[in-house]
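Take a look at the charged side chains in the model below. The text that follows goes through the pairs they form and where those pairs lie.

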Amino acid sequence: AQSVTQLGSHVSVSEGALVLLRCNYSSSVPPYLFWYVQYPNQGLQLLLKYTTGATLVKGINGFEAEFKKSETSFHLTKPSAHMSDAAEYFCAVLNSGAGSYQLTFGKGTKLSVIP
Amino acid sequence: GAGVSQSPSNKVTEKGKDVELRCDPISGHTALYWYRQSLGQGLEFLIYFQGNSAPDKSGLPSDRFSAERTGGSVSTLTIQRTQQEDSAVYLCASSQTGSGANVLTFGAGSRLTVL
């Protein structure tokens, strides 16, 4: 079974500061990895995904993540936080069991941006 | 439709009552997923439909939960004899196929409160 661990249920950063949200996964096969963002009272929106190829993946709103196989990590970063980045972020790994394609999500990290 | 539509957006019910939650996926999307989002628990996979194949029900927490998908489109999640621990946001998502490389598009969710 695959699993995802997100370190820190809450992260606060100052506006303009670096955003770093941590995600570690466990997988017995090469994983597909995803970051989703959820704004209040909305569904999840894809930020970026890693499937194969380049390990540094760029997403929407200036976010990027790097797949590091040796560290089993897929941390999400943004050089400069904006107030509009305040939301909850979920890391997910694909569980490609027999005939199924269910995503396994971490418990989420709520990002607060301090003006 | 342009997105995944879920109804009702909010449902308050009394313990022991049955509830039905509806999901209208994006037109043409063959894969449909239900997830449950509980406070502090992240997203929990419930069930997955792919075309005419038998659904993957491995995530349903008890036999009080069931789901169907009629005509390969609209899906209904039914919870019988609701309990307070069923209170959560129920999220539906759809994708073009079951391939892990494809992106899940989520609805805004149905918030269920069991009194």
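**Salt bridges in the two chains**

A:Lys58 is exposed, at 62% relative accessible area. Exposed means over 50% relative accessible area, buried under 20%, and partly exposed in between (1.4 Å probe, protein chains only). The partner of A:Lys58 is A:Glu64, in a salt bridge with the closest N and O atoms 2.8 Å apart. A salt bridge here is a side-chain nitrogen of Lys or Arg within 4 Å of a carboxyl oxygen of Asp or Glu. A:Glu64 is partly exposed, with a value of 22%.

This is a predicted model, in which local features need pLDDT of at least 70, side-chain atom pairs count only at pLDDT 80 or more, and totals for chains, interfaces and linings use all residues. Side-chain values use heavy atoms, without hydrogens and water; residues are numbered from 1 along each chain as its sequence is written, while chains are lettered from A and ligands numbered from 1 in the order in which they are written.

How many salt bridges does a search of the whole structure find? Five, over all chains. Side chains of opposite charge can pair when their charged atoms come close.

Now turn to chain B. B:Arg64 and B:Asp86 form a salt bridge at 2.8 Å, N to O. This pair links distant parts of the chain, 22 residues apart. B:Arg64 sits in the loop between strands E5 (42-50) and E6 (65-69), B:Asp86 in the loop between strands E7 (75-79) and E8 (88-95). Strands (E) are DSSP runs of at least two residues, numbered from the N terminus. Both B:Arg64 and B:Asp86 are buried.

One more pair is in chain B. B:Glu44 meets B:Arg36 in a salt bridge at 3.0 Å, N to O. B:Arg36 is buried at 9%, whereas B:Glu44 is partly exposed at 30%.

Definitions and conventions. Helix = DSSP H or I, 4+ residues; strand = E, 2+ residues; numbered from the N terminus.
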